[in-house]
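Morning, everyone. Please look at the structure on the screen. I'll talk about charged pairs.

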Amino acid sequence: MASVEQAQAALNAVQDAGSGRSLIELGWIQQTRIVEDRAVFRLALPGFAQSQRDRIAAEAKAALLALEGINDVQIELDQPSGGAPIGAAGHGQGPERGQLPERQPIPGVSQVIAVSSGKGGVGKSTVAVNLACALAASGLKVGLLDADIYGPNAPTMLGVADRTPEVSGEGAQQVMKPIETCGIAMVSMGLLIQENQPVIWRGPMLNGIIRQFLYQVDWGERDVLIVDLPPGTGDAQLTIAQAVPMAGAIIVTTPQLVSLADARRGLAMFLQMGVDVLGVVENMSVFIPPDAPDKRYALFGSGGGSRLAEEAGVPLLAELPLEMPVREGGDAGRPVVLSHPDSISARGFLALAHQLSAAHLVPA
Ligand SMILES: Nc1ncnc2c1ncn2[C@@H]1O[C@H](COP(=O)(O)OP(=O)(O)O)[C@@H](O)[C@H]1O
Ligand SMILES: [Mg+2]
């Protein structure tokens with residue numbers, strides 16, 4: 001006869017498709033118990049995860065029925081609407097909701113746009129930094145939050161790696177001043193992982209650090225906050241998507257078809273969490289050799305960006321070339337938009353900024 005612990009261990013394998021986290025850990029599966037030969041648990045899915053319900057129910061049932069002595073599975077749905085139970089007779093008990101807390105806007109920040117990708121190294125930070133600079137060049141008040149806590153690149157790309165932000169206040173009231181550079185206000189873990197850093201920013205939880213970057217930074221008045229995410233569909237994506245209302249996310253990909261599967265996962269995660277995907281940016285579309293600027297080489301193949309955009313029914317916002325000044329600008333701390341404003345890449349970033357602000361930032 002299986003124990004409750006065994007039932008929980010079996011259920012621990014059932015995961016949220018978006019974050020890959022166990023539903024028990026997320027608190028979406030609760031109150032597991034065994035009644036004679038029947039396993040019973042409560043399923044409390046937040047609104048954005050309701051589409052996973054049937055899959056989760058099927059996986060949970062299969063996992064539990066595989067246990068010795070379990071012949072029946074009952075799932076109590078915990079929904080505001082008091083949905084019917086799946087499986088054997090039982091009551092779907094309502095309305096203590098499994099809903100997550102409401103998203104909380106950042107005072108003074110009008111819009112938030114996240115820059116994400118399935119894979120690392122596709123140019124997410126390059127796009128985030130240049131997009132932020134291009135938006136600022138168009139006259140908007142722009143913030144940049146580098147949410148890549150373990151691999152922060154924005155400070156180097158913006159030439160501020162040696163600066164330390166001012167922190168004022170005590171404890172939970174501590175507030176950090178963003179670094180002003182290239183016409184934007186930015187924060188990054190890269191500014192804090194030096195000696196003498198204030199303790200509050202050393203929190204072990206990525207989730208907590210990102211929330212501090214959102215809510216304990218004196219962002220001032222910002223037309224838009226660009227968030228540079230780490231690659232993939234992990235905790236940073238989850239935290240941002242759950243914490244703050246967003247205009248939407250941009251997915252960066254290379255044209256390579258093999259990286260499409262990752263990009264698709266990233267895109268699907270945002271949609272599943274109720275975050276709009278504003279479009280796809282294809283980076284490194286073609287290589288433009290510096291000594292033969294009329295030539296184009298499709299180093300990474302072609303078609304990835306447009307295929308992804310088409311599949312998801314979202315616009316292909318830009319196709320940016322692979323150009324030496326982009327990499328040089330990133331390493332030198334002077335984004336290509338500012339260092340080579342006439343280059344094809346810089347013009348691509350400016351056009352991207354223009355499109356986004358016309359569609360999502362400038363009030364009608
Ligand atoms: N369009 C481009 N042309 C030239 N180099 C690029 C381009 N996009 C990115 N890079 C370079 O590729 C490297 C990875 O880019 P990065 O923006 O850090 O990727 P990610 O944030 O997705 O990991 C960096 O050295 C960057 O300068
Ligand atoms: Mg990056």
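Start with Asp72. It counts as partly exposed, at 23% relative accessibility. Here, buried means under 20% relative accessible area, exposed means over 50%, and partly exposed is in between, using a 1.4 Å probe and protein chains only.

A quick word on the basis. This is a predicted model, where local features need pLDDT of at least 70, side-chain atom pairs count only at pLDDT 80 or more, and totals for chains, interfaces and linings use all residues. Residues are numbered from 1 along each chain as its sequence is written, chains are lettered from A and ligands numbered from 1 in the order in which they are written, and side-chain values use heavy atoms, leaving out hydrogens and water.

Who partners Asp72 in a salt bridge? Arg38, with the closest N and O atoms 3.3 Å apart. A salt bridge is a side-chain nitrogen of Lys or Arg within 4 Å of a carboxyl oxygen of Asp or Glu. Asp72 sits in strand β3 and Arg38 in strand β2, 34 residues apart. Strands (E, at least two residues) and helices (H or I, at least four) are DSSP runs, numbered from the N terminus. Arg38 is partly exposed, at 27%.

Next pair. Asp218 and Lys177 form a salt bridge, 3.1 Å from N to O. Asp218 is in the loop between α6 and β11, and Lys177 in the loop between β8 and β9, so the bridge ties together parts 41 residues apart in sequence.

Then Arg222 and Glu180, at 3.8 Å. Arg222 is buried, at 11%. Glu180 is partly exposed, at 48%.

Overall, the whole structure has twelve salt bridges.
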